[in-house]
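Let's go through it together, question by question.

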Amino acid sequence: MSSFPIEAFGGVSTPFYYYDMPLLRSTLATVCACRPPGSVVHYALKANSNAQLLKLISQSGLGADCVSGGEIEAAVACGFAPDKIVYSGVGKTDAEIRLALSLAIACINVESVAELEVIDAIASECGVVAPVAIRVNPHIDAHTHHYITTGLSENKFGIDISQLHAVVDRVLNMKHVRLRGLHFHIGSQITTLQPYEALCEVVNRLQDEMELRGVKMDYINVGGGLGVDYEYPDEHPIPDFASYFGTFARLLQLREGQALHFEPGRSIVCQCGTLISRVLYIKEGLHKRFAIVDAGMTDLMRPALYQASHKIENLTSQGALCKYDVVGPICESSDSFGHDVALNEAQRGDFIAIRSAGAYGESMASRYNSRQLPGIMLGE
Ligand code: LLP
């Protein structure tokens, strides 16, 4: 079983997120050691924008990938330099575009022609030229949950690959927008490298086509998506960044002076976070035994929303393994963390750890049922 400082949990009210800061530091060190020379890694804040984590991530030298004005402000407040911030999202408001331009962030990743026109108009009003990258939907199946696959044909993200050349023509005619790059993101929790190999082929082909037209990109942004091991977090606390980065270094044909950008979120923060909860009641049903815990889908909504499975452990008991349905207190039957989970025999008050919760856990928490947001503990 994994080691958690249970003595320190005693006086703290549950549920809370426990962040293993040494693991986050080692993960960041691995990323910095493995990334291809000259590449820039922008951490995707949507995975977790807790200020303590953001400060550590900015100190490690990574940039920030933001999807709202709020995330841009959080990034700047936590030490990310504006020229290391990129901004994506299909529905940027005028105020958010103004904020991005006033801070002179590195790039706005654009997802539609309508958005480009608005950026051009706002940049003109502000007397600046907006650096943009076009997000291209490359029709690659990332073989992941349908809610988090984004690179397949016709969805709200990005510009269809078949429309790219027409859109490039439009951008080149705009006075207050400068085309700097192509942006791709094919999905999240991708657990094989094959979709990334396919992405490299598409990027190479598009680059050849652009070159024939005499259009040069300053950078290629291949997005994020590298998956983590939810089943065996202790065996794989740090994802295989060497193979991931190596795939791009090996297969992408970058042009002279062209930079490569990455946007990992989950792979950076997922394994350092654990949701700590206490058993409120053990309820003996007709055919099942329920462990009712004080954490719910409001604290970690991935199981309810994506049927995601997280490893669950009883940190208090050494008793025999028994099967439980581990459920939360929210008035929704989807408020369940797992069926038939083998836990050491549990009783009221036991600490329950829901692992691999550092990504899309705290950042997706809500106050449904008028609950408090989960607390935080940093482990050193
Ligand atoms: N770049 C873009 C444009 C994205 O849309 C995303 C994630 C990322 C980067 C970071 O992807 P990552 O490295 O974290 O896979 N809430 C879902 C995941 C949604 C991902 C959305 N986009 C979950 O809990 O599984």
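Q: Where is histidine 310 found?
A: This is a predicted model, in which local features need pLDDT of at least 70, side-chain atom pairs count only at pLDDT 80 or more, and totals for chains, interfaces and linings use all residues. Residues are numbered from 1 along each chain as its sequence is written, and side-chain values use heavy atoms, with hydrogens and water left out. Helices (H or I, at least four residues) and strands (E, at least two) are DSSP runs, numbered from the N terminus. Histidine 310 belongs to the loop between helix H11 (302-306) and strand S13 (312-314).

Q: Is histidine 310 buried or exposed?
A: Buried means under 20% relative accessible area, exposed over 50%, and partly exposed in between (1.4 Å probe, protein chains only). Histidine 310 has a relative accessible area of 4%, so this residue is buried.

Q: Which side chain does histidine 310 join in a polar contact of 2.9 Å?
A: A polar contact is a pair of N or O atoms within 3.5 Å; within protein, one must be able to donate a hydrogen and the other to accept it, and residues adjacent in sequence count only if both atoms are side-chain atoms. At 2.9 Å, the partner of histidine 310 is the side chain of arginine 302.

Q: How many residues surround the ligand?
A: A residue counts here if one of its heavy atoms lies within 4 Å of the molecule. The closest are Ser188, Glu263, Arg302, Tyr306 and Tyr360. The shell's total is 18 residues.

Q: Why does the ligand lie between two domains?
A: Domain bounds come from an automatic or database domain assignment. The ligand lies between them because its shell takes residues from both domain 1 (6-15 + 271-379) and domain 2 (21-266).

Q: How far is a polar side-chain atom of tyrosine 306 from a nitrogen atom of the ligand?
A: For arginine 266, a polar backbone atom is 2.8 Å from an oxygen atom of the ligand. For tyrosine 306, the polar side-chain atom and the ligand nitrogen are separated by 2.7 Å.

Q: Where is valine 136 found, and is this residue buried or exposed?
A: Valine 136 is found in strand S6 (residues 130-137). With a relative accessible area of 1%, valine 136 is buried.

Q: What separates the C-alpha atoms of valine 136 and leucine 23?
A: Along the chain, valine 136 and leucine 23 are 113 residues apart.
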